[in-house]
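My notes are set down in the order in which I went through them.

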Amino acid sequence: MRGRSFIIRGLIVFTVTIFAVRLFYIQILEEDYKVAAENNVVQKIVQYPFRGLVYDSNDSLVIYNSPVYDLMIVPKEAEITDTVAFCNLLEIDREELNEKLIKAEKYSSILASKLVEQISDELFAKLQDHLINYPGFYVLPRTIRSYNTKSLANVVGYVGEVSGSFLNRDTTKYYRSGDYIGIGGIEKSYEDYLRGKRGASYKVVNVQGVIKDDYRDGEYDTLPKSGENIHLTIDLELQQYAERLMEGKVGSVVAIEPSTGRILALVSAPSYDPHLLSGKNFGKNFSELNKDENKPFLNRPLQARYPPGSMFKTIQGIVAMHEKVLAADEIIKVDHSNIGDLAPPGRYALVKAITKSSNNYFYLIMRRMVQQGVDESAFIDSRIGFEKWREHVKEFGLGRKLGVDLPNEIKGNVPSIEYYDRVYGAKRWKYSNIASLSIGQGELLVTPLQMANLGAIIANKGYFITPHVVDKIEGWPNPNIKKEILPFDPELFNPIILGMEQVVKGGSGIRGYLDTLKLAGKTSTVQNPHGEDHSGFMGFAPMDNPKISIAAYVENAGQGGRAAVSVASLLAEKYVLGSISRPWLEDYVLEERYLPKNAPRLTIAEN
C-alpha cells in the first residue's frame, strides 16, 4: 500500500514539475508565447511615412504634405456605451456609423481599420478628450498631398486609397487596405521612390484602450522612412504661362530642351486643379471631372493621336535625301495633277517646298522612295520601298513609345504592310493606295510629345535625349534617360532648317515671327472629319543655338498658322527672351476660345 502511495505522489510531483517547467519556458524563455500573451494589451500602431516632396526646375516647392487624422477602430475591442453621444462627437448620423462599423468588422475583427478618415484639426482636438470613454478606438496621424499651384495636374497625377482589386493583384504584398498610392503622373511612375517605408510602434493599453506605455521600451518599434524628394524638369512659371495661353481651348503644348530632353512645359487642355483630388471631397470631385466630356483626365500630350499633317514633310525631305532619291537643290516641276494643294504649281527645290508646303512636291518624292524599280511588279516594288520608308520614319520616334517617365504613353501609328494587306489584299496595293501618307495624312497618327521630340531631333541635327519630366531624385540624376542617334548625316538637316526658318519669316507661320527670337518651324492644318480642322505647329528657337523645341495642337482651331503657331511663338519668346514684347499677339491668343458651346462648366466642391 505504501509503495502504491509513493508512486501516486511521484506522479503528482512529476506532473507538477512538467507544468512548472513548461510554464517557465513559455513565460520566460519562449518570447513568441510571451508576446502572444501580452498582445491582449499591446496595440500595434502603423506609422505612415512622409511622402517625398516635389520641386520644379528652379527648386520651388510644388507638392508637400499636410497633416490629417484618421479615427481607427479595432472591432473586437470596441465599446460604444452611448451611440447618440458618439455620433454627435463624430458629426455623423446613426446610419452612417452602422455602415462604417459593419465595414470595419467585415475587414477584420482584430486588425485596425479606418472608421472616419481625414478628420479636421477641430474634431481631432475634441476627440482627444473623449476617446478614453470609447475603448478600441484611437487616432492615427497621417498626411495628404497639398499643392503650391493650380497647375501641373496631368504631370504630377494624384494620390488615392488602394482598391480591393489592386490589393488582389499586388504581387509585392507591400500595400494594405487603407494605404495610399500614386495614381497617374509622376505620383504613379515614381511611386517606389515617393512612398517611403512604413514604421510601427507597439503600445501597452489598458482595458479602456488608453495608452499607458511603450511596449518593452520600444524594442519592437520601427521608424518610418520618408520618401525620396523629386526635382522636376518643368519650369513652373513657363508651365503656368502655357496653361494660361491654352485656357478655353482643347489641345496640347509640349516644350523640350533639345540638348537634354528635359521637358520644360507639358500642357493638356482642359485640365483641372490638383487640389480637387486631395482631401475629403476626392470622390465627389473625381466623379464630376470624370463626367466632363472634354476629358480633363486625358493626358493629351502623351495620349491624343493626330495626323501630323505638313509637319511630317520635314521627315520626308530627310529620308528622301538619305535614300539618295532626292538632292536638296534639285528642281522638280509640280502641278496639281496628283493631289490637292494650296501651294501654287511651279518649280520647287526642297527649301521652297518646305516653305510653301507643296503637297504635290512631297507626293512625288515619296513616290520615288516607295517605287524604286527593285521589282518589275508595281505591287511588290511598292511593298519593298514602303517597308524601307517605314523603318526610317520610326527612327524619328514615330509609331513607338519614346519612353517618357510618365504613365500611359501611346505609340501613335505608322501603318504596316500587314495593315494594308488586310485592307486591300496581299500584293494588291501600290503607291497610289497610300499616297496620302506623303503629306502626313492617311493612317499616320502621332502624339504631341512625338512632334516636340521631332523638333528636338531637327534642332540637334540628328539625335535626341529621352524626353523626361524628372531631373533628379534626392540628389542623383534620373537613370532612365539615354541618347539616341539617328542614322542620318547632320548635313541633311540644313535645308530642312532653312525651309522652317522661311515658314516663320514669310510663310504660313509668319504670325509667330519675331526677329530677336529666330523661331524656325512648320505649321499643319490637321484634317478632322468630325468638325473644324485642328491647328498644329512644330518648331524650335533660336535657330542658331536651340534652347527650346515646341509642339502645339489646338483642336478645332483651323489653320496651323493661327492658333498653334501663336501659342508656340509666345511660349518660346517667354522662355528664350524672358518677357513678352507682342501684347497684341497675346491678346489674340487669350481671347480665342475653341471649347464646344455646349461644353459643361463644372461646379466642383472645393476642399
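The entries below go from salt bridges to surface patches, then to one helix and the backbone.

**Ground rules.** I note at the start that this is a predicted model, in which local features need pLDDT of at least 70 and side-chain atom pairs count only at pLDDT 80 or more, while totals for chains, interfaces and linings use all residues. Residues are numbered from 1 along each chain as its sequence is written, and side-chain values use heavy atoms, with hydrogens and water left out.

**Salt bridges.** Side chains of opposite charge can pair when their charged atoms come close. I took a salt bridge as a side-chain nitrogen of Lys or Arg within 4 Å of a carboxyl oxygen of Asp or Glu, and the structure holds 24 of them.

I looked up Asp179 and Arg198, whose closest N and O atoms are 2.5 Å apart in a salt bridge. Asp179 sits in the loop between α7 and β7 and Arg198 in the loop between α9 and β8, 19 residues apart. Both Asp179 and Arg198 are buried, a word I use for under 20% relative accessible area, with exposed meaning over 50% and partly exposed in between (1.4 Å probe, protein chains only).

Next came the salt bridge of Glu330 with Arg368, at 2.9 Å between the closest N and O atoms. Because Glu330 lies in the loop between α13 and β13 and Arg368 in helix α15, the pair ties together parts that are 38 residues apart in sequence. Glu330 counts as partly exposed at 26% relative accessibility, and Arg368 is partly exposed at 28%.

I then found Asp421 and Arg383 joined in a salt bridge at 2.7 Å, N to O. Asp421 belongs to helix α17 and Arg383 to helix α16, 38 residues apart, and both Asp421 and Arg383 are buried. I also recorded a network of salt bridges that links Arg51, Arg145, Glu187 and Glu191.

**Surface patch.** Patches are made of residues with over 30% relative accessible area and no salt bridge, with like charges joined within 9 Å and nonpolar side chains (Val, Leu, Ile, Met, Phe, Trp, Tyr) within 5 Å. Accessible areas come from the Shrake-Rupley method with a 1.4 Å probe, and for residues only the protein chains shown count as cover. On the surface I noted a nonpolar patch of Tyr107, Ile110 and Leu111, with about 300 Å² of accessible area together. Leu111 is found in the loop between α4 and β4 and is partly exposed at 46%.

**Helix α19.** Is this helix enclosed or open? I found 13 of the 13 residues of α19 buried, so the helix is largely enclosed by the rest of the structure. Just after α19, Lys461 takes a positive phi of about 60 degrees.

**Backbone.** Most residues other than glycine have a negative phi, and most peptide bonds are trans. I recorded a cis peptide bond between Ala269 and Pro270, with omega about 0 degrees, where Pro270 is in the loop between β12 and α11. Lys173 has a positive phi of about 60 degrees although it is not a glycine, and this residue is exposed, with a relative accessible area of 64%.

Definitions and conventions. Helices (H or I, at least four residues) and strands (E, at least two) are DSSP runs, numbered from the N terminus.
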